[in-house]
Amino acid sequence: LMTAYVVFNALKEKRLTLEQTLPVSQRAWDQRKGDPSLMFIDTTMTPKVDELLRGMIVQSGNDASVALAEGVSGTVEQFVDLMNRQAQAWGLKNTQFKNPTGMSEPGHYSSARDLALIATRVMQDHPTYYGYYKERDFTYNKIRQENRNMLLARDPSVDGMKTGYTEAAGYCLISSAQRSFPNGNRRLLSVVLGTASKVARANESQKLLNWG
């Protein structure tokens with residue numbers, strides 16, 4: 001979410017365009033090690049920023065995250081510095097980034113409350129790009145992958161946000177839904193961390209949203 005937010009900032013400030021192509025570095029390609037989620041880009045490709053955003057958001061591609069980070073800041077390290085500065089500007093006390101992918105690394109952490117605040121800022125500050133989060137699938141280089149957020153197919157009021165999994169954090173899901181009530185629309189955001197499976201994170205998120 002924070003990786004996307006920083007990229008959206010760059011688009012808003014016209015330091016990047018959606019149609020701009022970016023190179024795929026060896027570092028981005030190296031994300032294939034350890035069998036993480038991938039967009040499956042390689043060093044012979046020059047994907048567009050728009051494609052990389054879909055690869056990161058819809059397909060959870062760690063390789064896309066690295067390519068975008070390098071496209072915005074030149075190096076992953078400089079991009080992570082931007083992520084942390086943004087977190088500090090918002091007063092997030094329980095968040096520190098060490099990479100743009102969310103993979104486990106010493107000193108890389110966040111909290112449910114901080115994640116909710118980041119997700120809210122994505123929606124409020126960059127509504128133009130929020131639509132990426134409700135896309136049900138994305139195909140790149142003839143490889144089709146479905147959005148890992150099961151609630152998009154289950155509940156028509158759910159229109160985003162983001163899944164995550166590491167061995168340390170478990171199966172996590174930040175989801176948002178908007179429903180109509182007699183006094184107007186109401187949007188809720190749920191943050192579920194540390195569940196045992198993809199199904200469990202979807203079920204627990206659905207319970208929270210229904211209760212709210």
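**Close-up views of a predicted model**

**View 1. Ring pairs join F8, Y129 and Y132 into a cluster.** The model shown here and in the following views is predicted. In total, the structure holds 5 aromatic pairs. The rings of a pair have centres within 6.5 Å of each other.

**View 2. The chain is built from 8 helices and 5 strands.** Read from the N terminus, the order of elements is α-α-α-α-α-α-β-β-α-β-β-β-α. With a radius of gyration of 16 Å, close to the 17 Å that the globule rule gives for 212 residues, the chain is therefore as compact as a globular protein of that length. Along the principal axes, the C-alpha atoms occupy a box of roughly 50 × 40 × 35 Å.

**View 3. Of the 212 residues in the chain, 49% are buried.** A residue is called buried here if its relative accessible area is under 20%. For contacts between residues at least 6 apart in sequence, 56% connect residues at least 24 apart. Such contacts require heavy atoms within 4.5 Å.

**View 4. The chain carries 26 positive and 21 negative charges.** The mean position of the positive charges and that of the negative charges are 5 Å apart. His and the chain ends are left out of these counts.

Methods. Residues are numbered from 1 along each chain as its sequence is written. This is a predicted model: local features need pLDDT of at least 70, side-chain atom pairs count only at pLDDT 80 or more; totals for chains, interfaces and linings use all residues. Side-chain values use heavy atoms; hydrogens and water are left out. Rings of Phe, Tyr and Trp (its six-membered ring) pair if their centres lie within 6.5 Å; planes under 30 degrees apart count as stacked, over 60 as edge-to-face and the rest as tilted. Helices (H or I, at least four residues) and strands (E, at least two) are DSSP runs, numbered from the N terminus. The radius of gyration is taken over C-alpha atoms; the globule rule is 2.2 Å times the number of residues to the power 0.38. Buried means under 20% relative accessible area, exposed over 50%, partly exposed in between (1.4 Å probe, protein chains only). The place of a charge is taken as NZ of Lys, CZ of Arg, CG of Asp or CD of Glu.
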